[in-house]
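Me: Hi! Could you walk me through this model in plain words?
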Amino acid sequence: MHDASSEFGDWPLQRLMTEIVGSGHKSADDMTRSQARDAFARILAHDPPETTLGAFWLANRWKRNTPAELAAFTDVMREASVERAVPDCDPVDCGANYDGKHTSALLGVAAGITAAAAGAPVVTHSGDRIPTQEATAYKHVLDDLDVRTDLDPAESADMVDETGFGFYYQPNFNPGVDSLVDRRREMGVRTFLNTVETLANPADADVHLGSFYHLAFAKRIVDTFAEMESQDVPRVIMFQGLEGYDDIRPGTTVVAEYDGDFTDYEIETGEYEMDFERDDLAVEDVAADSATITEEVLTGERDDHFADAVVLNAAVRLYAGNEVDTIGDGLGLARSAIAEGGAQDRLDQLRGF
């Protein structure tokens, strides 16, 4: 057992397991902010033995973390691991699930570039084959588009300012969390790291755009931002994304929004005269096919359901960034950015960065 020390507080993980979180999902207690901070500081320092760490992660998965716990984890991560680089512009932070997508096209790159061309700078961030899915994320689509991704944080900030679209690479801006990949892989199930890494906000953006599987999780993330001490994010847009990613679903998508007050509502693709189903967005090779779709949509070569989906997702980013009053208003701006060549120009700038 690792005892308390001057480097940490009084709560090694084994004690937290015994006295707080380890008694099962019905009887476990929640940690205080101080206890959660101590726990995550120890994890980032590779202090706990592997068995203890695995048990702690699993116990937290069973009991479900509170916003106060998630905020404490995120605060420690941003203080001890995240190297922030703030662009001059004020982008929308797209914190999609790092473990990626398996079956449907990843449209966030195309949507982000289109939104940037229409006036809303966008920041994305991901790692490389993150557990548990280890599927396609932002990095892999950008790699297939011949856009540099192995950037240090200062270069990422410059990319945002020069092109309107920026990518931050987890091993370079969040090395402490990246160093835990092997232990996460050994776990075989998602842990709270899959949540907090999406909240890293390396560009210190004022708007967070994220995704969820269930509405209760969106409310928890909004409350998590309210509990944080390391960042102040006044506007949060979360939606029930396709494969849990930040792509609007065909048909009905539940949206949760916080901008002083918490509201939730639904987006219907049919309301925007977009007639496509989930299977219409399926691809065989997510990285390669998504890159091809991105280029064909941005250059105007493609005008089909993928183009509609890109335009809609760009409109959501324009709305999140307060460039338009409604998502419907954003559709026209997004379409113009493609038709007038602005989106293609941004892609060319990214490739030349």
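Me: Which backbone oxygen does the side chain of S211 reach?
Reply: That of G244, at 2.5 Å; a polar contact here is a pair of N or O atoms within 3.5 Å, where within protein one must be able to donate a hydrogen and the other to accept it, and residues adjacent in sequence count only if both atoms are side-chain atoms. Please note that the model is predicted, so local features need pLDDT of at least 70 and side-chain atom pairs pLDDT 80 or more, while totals for chains, interfaces and linings use all residues. Residues are numbered from 1 along each chain as its sequence is written, and side-chain values use heavy atoms, with hydrogens and water left out.

Me: Is S211 buried or exposed?
Reply: S211 is buried, with a relative accessible area of 5% (buried is under 20%, exposed over 50%, partly exposed in between, with a 1.4 Å probe and protein chains only).

Me: What does S211 touch?
Reply: Beyond four places in sequence, its contacts (heavy atoms within 4.5 Å) include N97, F217, M238 and Y245.

Me: New topic: which residues touch the most other members of the largest nonpolar core?
Reply: V109, Y138 and L209, out of 65 residues. Such a core is a set of buried Ala, Val, Leu, Ile, Met, Phe, Trp, Tyr and Cys residues joined through side-chain atoms within 4.5 Å.

Me: And E295, how exposed is that one?
Reply: E295 is partly exposed, at 30% relative accessible area. Leaving aside neighbours within four places in sequence, E295 is in contact with L145, L347 and R351.
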